[in-house]
Structures are given as C-alpha cells and as structure tokens.
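These are my notebook entries on a structure I looked through today.

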Amino acid sequence: MAGAKNHDYHILPPSPWPFLGSAAALLLAVGGIRYMHSMAFGGTTLILGVLAILGVMAGWWGQVIREGKHGDHTPVVQLHFRYGMILFIASEVMFFVGWFWSWFDFSLFPSTAEAVGGVWPPKGIEVIDPFHFPLLNTLILLCSGTTVTWAHHALIHNDRKGLINGLWCTIILGLVFSCIQAYEYAHAPFAFKGLNYGAAFFMATGFHGFHVIVGTIFLIVCLVRAYKGDFTPKAHFGFEAAAWYWHFVDVVWLFLFLSIYIWGGWGATIHAG
C-alpha cells in the first residue's frame, strides 16, 4: 500500500514545532535581556517568551503522544527514547556537579576567602538543623521513590488502580516536599546574597527544588494520561521516563542532605527557629 510504514525508525512528516520552539526561545532570550537591562517592554516580552515556550512544550509533546498512539513508537524508537532520556539525565547530573564543586571548593579551602574568616561554615553564621525539616524531606522523598516504583510495577502487571494510586501518593509527597522547602527558605537564618555560604546553599538546594517541581508536573501529566488509559504494560515510556527522572531527583537529594546539610554545617551554631 502506498505510504505504508515498512521500517522501524522514527521518520515522520515535517513538523512546525522545531521552528516554533526556536522562535519562542529567541523571544524568551530577548525578553530576559531587555528585562535585566530595564528596557521598554522587557517584562512583557519575557512573559510572552515564557508562555510561548510552554505552548511549544505542550504542543510538541502532545504530538509525540499522538505518534505513540498511531504506532510510530516501534521497539527501536522506544530504545532510542531511552538513550535520549539517559543522556538528558546525565546532562542534569553535570549541572549538579557544578553546584557541588563550588560548595566543596568553598568548604575545603576557606582560607582563600577572607570574608568567611578562614573557617567553614563562616564565622558567626547559624545553619539549618539537618535533623529537623531536611531529615523530614529526606524521608518524604525516599517514600515517594517507593510509591512511584509501586505505580510502575502496578502498570507492568496491568493494575490500573495501583498505577493511579501510586501516582497520587507520589505527587502528594512531591508537593509536600516543595511546601516544606519553601517554609525552610522563608525562615532560613542566612540570606542568598552577601556570603558564599548562602549563595552556594540556595543555588544547590534551590536547583534541586526546581527539579522536584518539574518532576511533580511530569507525574501529574502521567496521572492524567493514566486516567485516559494511555499506558499499557508494554508501551509506557512516558511514565518510565518520569519515574527515572524522579529517582534521579531522590538520589541527588541524598547527596545534598549528606554533604550540605550535615557535613557542610558541621560545627556551626544550629538555628533555633
């Protein structure tokens, strides 16, 4: 039959999304530059850029979902998707390597920065008690890793109810984590600016918090798709990618908790608030 698919590869008709994505990224960059330089319509352009990016993401990923339903995601294509997700997570790991690098550079060589008094944590600073909210958030994320695994195994065994319940539990735990971290930031005994301790702390933990928010949105999309019956025991890469991402977020938090909250604040005065 003319036009029939006789191969296993991801060869699709031309799509407008790459062009629209580039245009949205340009609009976002121009808006960001104009906003930071206090130029006319900078804020408006920035908001339009963000909305354009979100629109492209929704449209493009919606097209990917439709491709899967039409049979374009063959076993070979699904394998390549997995390679792509692995490489994406590897690139995210390198982001965190940068934050950890700065943290350990400051903490292991405090004598190079006179502002910290030659010691780490800096003289006179109070640190967050690692065995208060940080420990609670650690337990929450560990539990969320268990619930997303429960959802995954339920899907593999075609247990739709278990899949939905596991996703709900994971999403709720992710939202609770974000709320607790926001409360912790609001009551932190040090500021972002003025000291490298605060800057390194907020950049490392805040970047992770952003990933938790992204992962929660990822799982919410999976939950909506689960209610629509999109996933099957043999074709569920969208959910699998979300689960991988969530486990990555969990592991990074363990390193943050051990190196920044416990080791990085060792010997300093614990904030009593």
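**Entry 1: the chain as a whole.** I looked up the surface, and the protein chain exposes about 15400 Å², with carbon and sulfur atoms supplying 73% of it; accessible areas come from the Shrake-Rupley method with a 1.4 Å probe, and for residues only the protein chains shown count as cover. I note that this is a predicted model, in which local features need pLDDT of at least 70 and side-chain atom pairs count only at pLDDT 80 or more, while totals for chains, interfaces and linings use all residues. Residues are numbered from 1 along each chain as its sequence is written, and side-chain values use heavy atoms, with hydrogens and water left out.

I found 7 helices and 2 strands in the protein chain, which run along the sequence in the pattern α-α-α-β-α-α-α-α-β; helices (H or I, at least four residues) and strands (E, at least two) are DSSP runs, numbered from the N terminus. The C-alpha atoms fill a box of roughly 75 × 50 × 30 Å, taken along the principal axes. Of the 273 residues, 39% are buried, where buried means under 20% relative accessible area, exposed over 50%, and partly exposed in between (1.4 Å probe, protein chains only). Among the contacts with a separation of 6 or more, 76% join residues 24 or more positions apart, contact meaning heavy atoms within 4.5 Å.

**Entry 2: α1 with α2.** I next looked up α1 (17–36) and α2 (42–69), whose axes come within 7 Å and cross at roughly 155°. Axes are lines fitted to C-alpha atoms, for helices over the stretch in contact, and angles run from 0 to 180 degrees between N-to-C directions. α1 and α2 are therefore roughly antiparallel to each other, given that angles under 35 degrees count as roughly parallel, over 145 as roughly antiparallel, 65 to 115 as roughly perpendicular and the rest as oblique. The crossing of α1 and α2 is left-handed, a term used if the near helix is turned anticlockwise from the far one by less than a right angle, with right-handed for clockwise. The residues of this contact divide into 16 nonpolar, 10 polar and 1 charged; Ala, Val, Leu, Ile, Met, Phe, Trp, Tyr, Cys and Pro count as nonpolar, Asp, Glu, Lys and Arg as charged, and the others, Gly among them, as polar.

**Entry 3: α4 with α5.** I then took helix α4 (residues 133–156) and helix α5 (residues 160–186), which pack at an angle of about 160° with their axes 8 Å apart. α4 and α5 are therefore roughly antiparallel to each other, and their crossing is left-handed. By class, 19 nonpolar, 8 polar and 1 charged residues make up the contact.

**Entry 4: two loop residues.** S38 has a phi of about 55° and lies in the loop between α1 and α2, where its relative accessibility of 69% makes S38 exposed. N158 has a phi near 60° and sits in the loop between α4 and α5, exposed at a relative accessible area of 52%.

**Entry 5: α5 with α7.** For α5 and helix α7 (residues 237–263) I noted an angle of about 35°, with the axes 13 Å apart, and a left-handed crossing. From α5, L163, L167, T170, G174, F177, Q181 and E184 meet F239, W246, W253 and Y261 of α7. By class, these residues divide into 7 nonpolar, 3 polar and 1 charged.

Entry 6: Is H208 buried or exposed? H208, found in helix α6 (residues 196–227), is buried, because its relative accessibility is 0%. Not counting residues up to four places away in sequence, H208 touches F96, L141, F177, V249, V252, W253 and L256. V249 is 41 residues from H208 along the chain, and their C-alpha atoms are separated by 7.1 Å.

E240 in helix α7 also counts as buried, at 12% relative accessibility. Leaving aside neighbours within four places in sequence, I found E240 in contact with R82 and H152. D105, in helix α3 (residues 75–108), counts as partly exposed at 36% relative accessibility. From D105 to H208 I noted 103 residues in sequence and 19 Å in space, C-alpha to C-alpha.
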